Amino acid sequence: MKAIQVIDYGGPEVAKIQTIASPSRSANEVLVRVVASSINPVDIKHMTPNTIQKISQFPAVLGWDVTGVVIEADQDSEFKPGDRVIAMHPQGSWQQIVAIAESDLVKLPDAIDFVSGASIPLAAVTALQAIRKLQLEPSETLLVTGATGSVGGYAIQIAKQEGIPVAGLVRNNSQKEIVKQWSVDGVYTSAEKLPAFDAVFDTAGILDQTDIIVPGGKLITISDDAISSEVEEHASFAEHNYVRTSQEDLQYIIDLILEGQLQTRIAENYTLNDVQPALKHANQSGNNSKVVITF
């Protein structure tokens, strides 16, 4: 089978199309033919030298998001050959066939196409788990930084569904229009004066600003950077969020999308053979949606 393997640290040029052996599955695993996967910032960080993310051994297959079709499963499995499925599959989805724990898989409804589905797992589940960790009351306000990014965009929409007053922070006025479509309670650029919020979900590495958090407020971040001591002293809760695979959380997200409560966003879809242009696109600053690779 074909796989995208990263052969060293570097830019898009280190991602190569290689022929490797197809995986076998163990009991309680499902063999899936991958149709699509996406490129996430964490993939770019793993490829880039001198970041906190490290690759333990080269060559390596990256990728977290999977949509595809079941090839083989246990006889008593709820998944059968031909089923359309979706999963979060950390570090290993950029290949034509994967073996995935049945407990991580969710059936992909026909109403969600494979490419759109590939934009969902990591970004949406990260957003959901972070918002739930903040444990906000309906009267408490939330600011999402990097609101037009994949995680930020899902976070804005999920917060609205939870009944949380939510605002977005973006880079410029053109990005404001993207966020306004989600009926936010406010949208700001970094050049504007912001009010203080009860909580901040940071997806952009803004970890030293106490003026945007009320005293005793909360901050959760997906940035790799350290939270400043000033923010830690100012807030009652200031933590990094680390996503975990969850069949239940992914199913919740899929249900919201089917109900029309969440929108998926695709910047562009590339074929497997165009992985290097895809990585170049995904690494551009200011991307407002997901770059997807089809296999």
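In the predicted model, L143 stands opposite V200 in strand 11. Strand 8 (residues 142-145) and strand 11 (residues 197-202) pair in the parallel sense over 3 bridges; pairing requires at least two DSSP bridges between two strands. Strands (E, at least two residues) and helices (H or I, at least four) are DSSP runs, numbered from the N terminus. Residues are numbered from 1 along each chain as its sequence is written. Local features need pLDDT of at least 70, side-chain atom pairs count only at pLDDT 80 or more, and totals for chains, interfaces and linings use all residues, while side-chain values use heavy atoms, without hydrogens and water.

The open sheet holds 6 strands in the order 10-9-8-11-12-13, with parallel pairing. Strand 10 (186-189) and strand 13 (237-240) are at the edges; each has a single partner strand, so one side of each lacks a neighbour in the sheet.

Helix 3 packs on this sheet and touches strand 8, strand 11, strand 12 (213-221) and strand 13. Contact means heavy atoms within 4.5 Å. The direction of helix 3 makes about 150° with that of strand 12. Angles run from 0 to 180 degrees between N-to-C directions, with axes fitted to C-alpha atoms, for helices over the stretch in contact. Helix 4 also packs on the sheet, touching strand 8, strand 9 (166-170) and strand 11.

Helix 3 (residues 121-134) and helix 4 (residues 150-161) pack at about 50°, with axes 8 Å apart. The contact residues include L128 and I131 of helix 3 and Y154 and I158 of helix 4.
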